[in-house]
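Here is a walk through one protein chain, from its overall layout down to single residues. Keep the sequence and the 3D view side by side as you read.

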Amino acid sequence: MLTLASKLKRDDGGKTGRASGASDSTHRVSIRDRLLTKEVAELEANLPSTCKASFPDEDKLHHFQLAVSPDEGYYQSGRFQFEIDVPEAYNMVPPKVRCLTRIWHPNITENGEICLSLLREHSIDGTGWAPTRTLKDVVWGLNSLFTDLLNFDDPLNIDAAEHHLRDKDDFRNKVQDYIKHYAR
């Protein structure tokens, strides 16, 4: 983003003019913020067509929102908002993600908790978070929860998964009802 990127350039440029050994804690930029400057630029260049990222404060790349508007499947025509907070220990720990839109989904609870393996700090199958993952992986993973990663076999919202198994048509109707009331 413009503001943080220009701040980083100013900070790097200002270091060469200081006497050696001098430090100014007000000019320090965290490793997380340096990573995010690069990752956000890459993310914006490679966003899926169904996603839109927004940064309420351009100086805080570690807190942003993602809107996912699926163009196929059960959730087509809905707009689902996610809040993404990137902790200071990033990239050793995953971002914290919460769905702000009430949804009837097997992998997202009505309270916004999300079951997506790459957001797990530790996972038995090795598909959890790793320092090599980026925000782009998180966004593409969230987008895929509405298509190819939609998982009825390992649900977080057991009621939604069982509803789908009992009656797919009624499940579709309930999803559309939620979209009409919460995801427009």
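Is Ile84 buried or exposed? Ile84 is buried, with a relative accessible area of 0%. Buried here means under 20% relative accessible area, exposed means over 50%, and partly exposed is in between, with a 1.4 Å probe and protein chains only. Before going further, please note that this is a predicted model, in which local features need pLDDT of at least 70 and side-chain atom pairs count only at pLDDT 80 or more, while totals for chains, interfaces and linings use all residues. Residues are numbered from 1 along each chain as its sequence is written, and side-chain values use heavy atoms, with hydrogens and water left out.

Let us start with the whole chain. It has 5 helices and 4 strands, in the sequence pattern α-α-β-β-β-β-α-α-α. Helices (H or I, at least four residues) and strands (E, at least two) are DSSP runs, numbered from the N terminus. Of the 184 residues in the chain, 42% are buried. The chain exposes about 10,200 Å², with carbon and sulfur atoms supplying 49% of that area; accessible areas come from the Shrake-Rupley method with a 1.4 Å probe, and for residues only the protein chains shown count as cover. Contact means heavy atoms within 4.5 Å. Among contacts between residues at least 6 apart in sequence, 57% join residues at least 24 apart.

Now back to Ile84, which sits in strand β3. Apart from neighbours within four places in sequence, Ile84 is in contact with His62, His63, Phe64, Leu66, Pro95, Lys96, Val97 and Leu142. The C-alpha atoms of Ile84 and Leu61 are separated by 9.9 Å, and these residues are 23 apart along the chain.

Thr50 counts as buried because its relative accessibility is 10%. Not counting residues up to four places away in sequence, Thr50 touches Ala67, Val68, Ser69, Pro70, Asp71 and Asn143.

With 41% relative accessibility, Arg98 counts as partly exposed. Leaving aside neighbours within four places in sequence, Arg98 is in contact with Gln81, Phe82, Glu83, Gly112 and Ile114. Its C-alpha atom is separated by 9.6 Å from that of Gln65, 33 residues away along the chain.

Next come the charged pairs. The structure holds 4 salt bridges, a salt bridge being a side-chain nitrogen of Lys or Arg within 4 Å of a carboxyl oxygen of Asp or Glu. Arg32 takes part in a network of salt bridges with Asp33 and Glu88. Between Arg32 and Asp33, the closest N and O atoms are 3.2 Å apart, and both of these residues are buried. Arg32 and Glu88 also meet in a salt bridge through their side chains, at 3.4 Å from N to O. Because Arg32 lies in helix α2 and Glu88 in the loop between β3 and β4, the pair ties together parts that are 56 residues apart in sequence. Arg32 has 9% relative accessibility and so counts as buried, whereas Glu88, at 48%, counts as partly exposed.

Another salt bridge joins Arg102 and Glu110, with the closest N and O atoms 2.8 Å apart. Arg102 is partly exposed at 35% relative accessibility, and Glu110 is partly exposed with a relative accessible area of 31%.

Which residues form a negative surface patch? They are Glu44, Asp57, Glu58 and Asp59. Patches are made of residues with over 30% relative accessible area and no salt bridge, and like charges are joined within 9 Å. Asp and Glu count as negative, and the place of a charge is taken as CG of Asp or CD of Glu. Asp57 lies in the loop between β1 (51–54) and β2 (63–68) and, at 31% relative accessibility, counts as partly exposed.

Definitions and conventions:
Patches are made of residues with over 30% relative accessible area and no salt bridge: like charges are joined within 9 Å, nonpolar side chains (Val, Leu, Ile, Met, Phe, Trp, Tyr) within 5 Å.
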